[in-house]
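Reader: Hi! I am new to protein structures and would like to walk through one with you. Could we take it a question at a time?

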Amino acid sequence: MALKTLRPDRAGFGDPFGLGLLPELQQRTVLLDSKQNSLNRAQGDTVTRVSNLHSIAINTMKASMSPVKKLEEELSSPNYNFHIFYYTWYGNPQFDGKYIHWNHPLLPHWDPKIANNYPKGRHNPPEDIGANFYPELGSYSSKDPTVIEAHMKQMRSASTGVIVLSWYPPGMADENGEPTDDLVPVVLDYAHKYNLKVTFHIEPYKDRDDRSMYHNVKYIIDRYGSHPAFYRHKTSTGRLLPMFYVYDSYVTIPEIWANLLTVSGSQSIRNTPYDALFIALLVEERHKHDIHRSGFDGMYTYFATNGFSYGSSHHNWASLKAFCDSNNLMFIPSVGPGYIDTSIRPWNNHNTRNRVNGKYYETAFSAALLVRPEIISITSFNEWHEGTQIEKAVPKRTGQVVYLDYKPHKPNVYLELTQKWSEKYRKEQEQWLM
């Protein structure tokens with residue numbers, strides 16, 4: 001997801017494929033203020049940029065606003081128990097002055113002998129992008145209001161309900177991107193138009209700890225919590241609480257998390273106006289005990305590669321759900337349509353999971369429904385680098401590259417499959433509750 005350098009010695013659970021593909025245990029997020037001119041962008045120009053983005057978005061929304069009733073008739077109803085991971089890190093010259101993320105570098109293998117057998121360099125959009133599939137919308141900018149609107153319409157047509165937005169604090173980004181917090185108000189506005197909700201996927205930003213998390217959760221709730229599209233989850237006790245997914249949570253020791261997430265913690269957020277449901281990433285089996293000790297409210301599995309990690313292996317979901325049930329935790333399995341990242345990790349063929357014309361995706365949904373989870377998460381709407389996207393893709397070939405596609409199906413096949421399973425899940429949930 002966050003496109004870490006991958007090393008075999010990091011895979012503590014024993015690598016099932018002979019090579020580790022785990023997020024690096026070191027946080028290698030770049031603080032972009034260290035670049036001379038980005039300090040001005042991140043601070044002085046933020047207000048201008050936000051208002052510009054807002055005015056562009058509002059004008060676009062006015063121009064495209066179908067009567068809400070018509071929209072509601074055309075699209076499947078949102079399922080707020082279907083959460084989908086969403087990335088706004090893409091850029092192009094028209095909106096950003098350059099390509100961002102589509103020109104992703106090829107990541108070298110950690111063993112120099114193996115690395116020498118693979119190409120180096122970076123992708124050269126728009127014909128050559130850092131993905132094995134090609135988007136119907138082309139090498140788009142996440143700032144383009146027409147793109148944001150198209151994405152919301154696709155997610156709503158798939159009958160998902162909650163967008164889990166990849167998030168870094170203001171002025172920070174992943175190492176191949178630029179800050180995107182400015183985009184949050186625009187995403188919220190368009191989500192609201194389509195009756196979708198937005199929650200936050202807090203990435204492993206530089207120096208993430210109990211104190212900075214407290215400030216960042218406070219920032220998000222103060223700044224965005226009053227928006228009608230801001231997601232709040234109704235707990236079994238009837239409380240309505242925000243929800244935060246915390247990627248690479250295991251990088252931080254349980255004692256630090258406990259300062260924030262337990263009632264007696266020194267930085268405790270519990271029983272304050274900023275209390276929320278915090279969902280940790282489970283990769284290895286032992287993480288379940290750490291998650292419980294840390295004071296998290298639940299766990300999710302993220303990876304779309306069945307068999308790659310303990311958490312992403314479907315056959316372990318029943319025991320994880322049982323552990324969660326007995327410890328008053330939420331278990332949120334993550335399902336995905338497949339996995340392929342050889343456009344950015346050319347040496348990583350062995351972790352590819354073929355889509356099998358949608359069968360892989362349906363198998364994952366079947367496995368998730370078996371454990372009767374309260375929420376299912378989907379990896380992903382548009383993580384194109386790792387080939388987990390359900391966004392519309394089209395056949396494309398250039399001089400050197402032939403992209404994968406969804407044939408013999410149409411570009412929207414994975415949206416339709418998601419909608420089908422959303423309805424199935426809704427019906428089954430009604431049975432579970434009887």
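Reader: With the side chain of which residue does the side chain of His201 make a polar contact?

Author: Good place to begin, and please keep in mind that this is a predicted model. His201 sits in strand S5. A polar contact needs a pair of N or O atoms within 3.5 Å. At 2.8 Å, the side chain of His201 has such a partner, and that partner is the side chain of Tyr300.

Reader: Is His201 buried or exposed?

Author: Its place in the chain is strand S5, where the C-alpha of His201 is 5.7 Å from that of Val164, although the two are 37 residues apart in sequence. To be called buried, a residue must have under 20% relative accessible area. His201 has 0%, so His201 is buried.

Reader: What covers the buried residues of helix H8?

Author: H8 runs over residues 210-224 and reaches 21 Å from its first C-alpha to its last, close to the 21 Å expected. Its buried residues include Met213, Val217 and Ile221. Their cover includes strands S3, S5, S8 and S9, together with helices H9 and H7.

Reader: At the start of H8, which residue has a backbone nitrogen that a side-chain oxygen of Asp209 reaches?

Author: H8 itself covers residues 210-224. The side-chain oxygen of Asp209 comes to within 3.2 Å of a backbone nitrogen there, and the residue that owns this nitrogen is Arg211.

Reader: How many of the 10 residues of H7 are buried?

Author: H7 is part of what covers the buried residues of H8. Among the buried residues of H7 itself are Val184, Leu188, Tyr190 and Lys193. Helix H7 is largely enclosed by the rest of the structure, because its buried residues number 9 of the 10.

Reader: Leaving aside its neighbours within four places in sequence, which residues is His227 in contact with?

Author: His227 lies in the loop between H8 and strand S6. A polar atom of its side chain lies 3.0 Å from the backbone nitrogen of Ala229. With those sequence neighbours left aside, the contacts of His227 are Leu188, Asp189 and His192.

Reader: How far apart in space are Ala393 and Phe133, C-alpha to C-alpha?

Author: Ala393 belongs to the loop between strand S13 and helix H13, and its relative accessible area of 2% makes it buried. Beyond four places in sequence, Ala393 touches several residues, including Phe133, Tyr134 and Trp384. Ala393 and Phe133 are 260 residues apart in sequence, yet their C-alpha atoms are separated in space by 6.5 Å.

Reader: What relative accessible area does Ser139 have?

Author: Find Ser139 in the loop between helix H5 and helix H6. Among the residues that Ser139 touches, beyond four places in sequence, are Asn92, Trp102 and Tyr134. Since buried means under 20%, Ser139 counts as buried, with a relative accessible area of 10%.

Reader: Which element gives the most to the lining of the largest pocket?

Author: About 560 Å³ of space lies in that pocket. Of its 22 lining residues, the closest to the centre are Ser236, Asp297, Asn328, Leu329 and Met330. The elements that give two or more residues to the lining are strand S11 and helix H11. With 3 residues, the one that gives the most is H11.

Reader: How do the residues of that lining divide into nonpolar, polar and charged?

Author: The lining has 22 residues. They divide into 8 nonpolar, 7 polar and 7 charged.

Methods. Residues are numbered from 1 along each chain as its sequence is written. This is a predicted model: local features need pLDDT of at least 70, side-chain atom pairs count only at pLDDT 80 or more; totals for chains, interfaces and linings use all residues. Side-chain values use heavy atoms; hydrogens and water are left out. Helices (H or I, at least four residues) and strands (E, at least two) are DSSP runs, numbered from the N terminus. The expected span of a helix is 1.5 Å times one less than its number of residues. Buried means under 20% relative accessible area, exposed over 50%, partly exposed in between (1.4 Å probe, protein chains only). Contact means heavy atoms within 4.5 Å. A polar contact is a pair of N or O atoms within 3.5 Å; within protein, one must be able to donate a hydrogen and the other to accept it, and residues adjacent in sequence count only if both atoms are side-chain atoms. On a 1 Å grid over the protein atoms alone, a cavity is a set of points where a 1.4 Å probe fits but cannot get out, and a pocket is an open set with protein on both sides within 12 Å along at least five of seven lines; lining residues have an atom within 4 Å of a point. Grid points are joined across faces, edges and corners, and a volume is the space filled by probe spheres set on the points. Ala, Val, Leu, Ile, Met, Phe, Trp, Tyr, Cys and Pro count as nonpolar, Asp, Glu, Lys and Arg as charged, and the others, Gly among them, as polar.
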